[in-house]
Protein chains: 2
Amino acid sequence: MKIIASLTLAAAALAVAAPASAQFAKPEDAIKYRQSSLFVMAQHFGRVGAMANGRVPFDAKVAADNAEVVANMAKLPWAGFGAGTDKGAPTKAKAEIWTEQAKFKEASDKLIAESTKLAAAAKTGNLDAVKTAFGATAGTCKACHDAYRAQ
Amino acid sequence: MKIIASLTLAAAALAVAAPASAQFAKPEDAIKYRQSSLFVMAQHFGRVGAMANGRVPFDAKVAADNAEVVANMAKLPWAGFGAGTDKGAPTKAKAEIWTEQAKFKEASDKLIAESTKLAAAAKTGNLDAVKTAFGATAGTCKACHDAYRAQ
């Protein structure tokens, strides 16, 4: 019953956590969560990119499956950038994330919107549409990294 | 254009990767991928558990949203257990994963099935149904960890 016990502990921690990071037991969990979800997303995004860039043959089913995961994952990392999560574990997140919250949200919303379009494009099975949507999505990654991720 | 460049590199690596780990550039990426996706899943599962265990008040919408993420994430980690990924980065994965592949797949399929039921239960908004489905899903976590994860 180790799982139940640890879930119970996690739940207890959640119940007493500060409102600022209410979804995570501690800041390092939030940091690990956002890094993990971004990494998983990047793996799937890279597979779509390999096809969009012509490095591997285009397989419509594989592109659609991976783009769908990207669109789902794109919604997740942002909950891990709550107040008080600017430190607690190694992170490249810049302080501006917390001082420019509206702009940061706008940047993350763009990724969500463009990756949703990418998933829709991939479902059509049209490689040109995938290339266009991939480029637009990659642009939102770059814009946000340039502004909010340390080198 | 750093993103495009790194995606191109990643794509190139994918193109020459051994078939055994064709989805990942190198074993450590596969290991990081499975650990990352399991961690993200566990965070969302813990939130459903906190409600199932009565540690936080039941909120049907929050339960449904989190259970849906769990069901989506449950499909992902297994691609990260390909041949040749038993080492390359710190991992608790036991050798039996690769010597008992059919049994390991059966165990992961159970998680996928039970988490799908959990998502469906959460959508009904019925806490008792969530509790039952949460327990069944947690059981699949435990069974697989007991067999295939080192302490």
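I looked up Thr85(B) first: its side chain comes to 2.5 Å from the backbone oxygen of Gly82(B). It also reaches the backbone oxygen of Gly80(B), at 3.5 Å. I count as a polar contact a pair of N or O atoms within 3.5 Å; within protein, one must be able to donate a hydrogen and the other to accept it, and residues adjacent in sequence count only if both atoms are side-chain atoms.

I note that the model is predicted, that local features need pLDDT of at least 70 and side-chain atom pairs pLDDT 80 or more, while totals for chains, interfaces and linings use all residues. Residues are numbered from 1 along each chain as its sequence is written, chains are lettered from A and ligands numbered from 1 in the order in which they are written, and side-chain values use heavy atoms, without hydrogens and water.

I placed Thr85(B) in the loop between α3 (60-73) and α4 (96-99) of chain B; helices are DSSP runs (H or I, at least four residues), numbered from the N terminus. Thr85(B) has 1% relative accessibility and therefore counts as buried (under 20% relative accessible area, 1.4 Å probe, protein chains only). Beyond four places in sequence, Thr85(B) is in contact (heavy atoms within 4.5 Å) with residues including Pro27(B), Ile31(B) and Trp98(B).

I next examined Ser36(B), which lies in helix α2 of chain B. Ser36(B) is buried at a relative accessible area of 6%. Not counting residues up to four places away in sequence, Ser36(B) touches Ser36(A), Phe39(A) and Val40(A).

I then checked α2 of chain A, residues 27-52: its 26 residues reach 37 Å from first C-alpha to last, close to the expected 38 Å (1.5 Å times one less than the number of residues). Of these 26 residues, 20 are buried, so α2(A) is largely enclosed by the rest of the structure. Gly54(A), with a positive phi near 75°, follows α2(A).

I turned to α3(A) and found Ala63(A), Asn66(A) and Met73(A) among its buried residues. The cover over the buried residues of α3(A) includes α2 and α5 (101-124) of chain A, together with α3 of chain B. At the start of α3(A), a side-chain oxygen of Asp59(A) comes to within 3.1 Å of the backbone nitrogen of Lys61(A).

Key. Helix = DSSP H or I, 4+ residues; strand = E, 2+ residues; numbered from the N terminus. Buried < 20%, exposed > 50% of the residue type's maximum accessible area, 1.4 Å probe, protein only.
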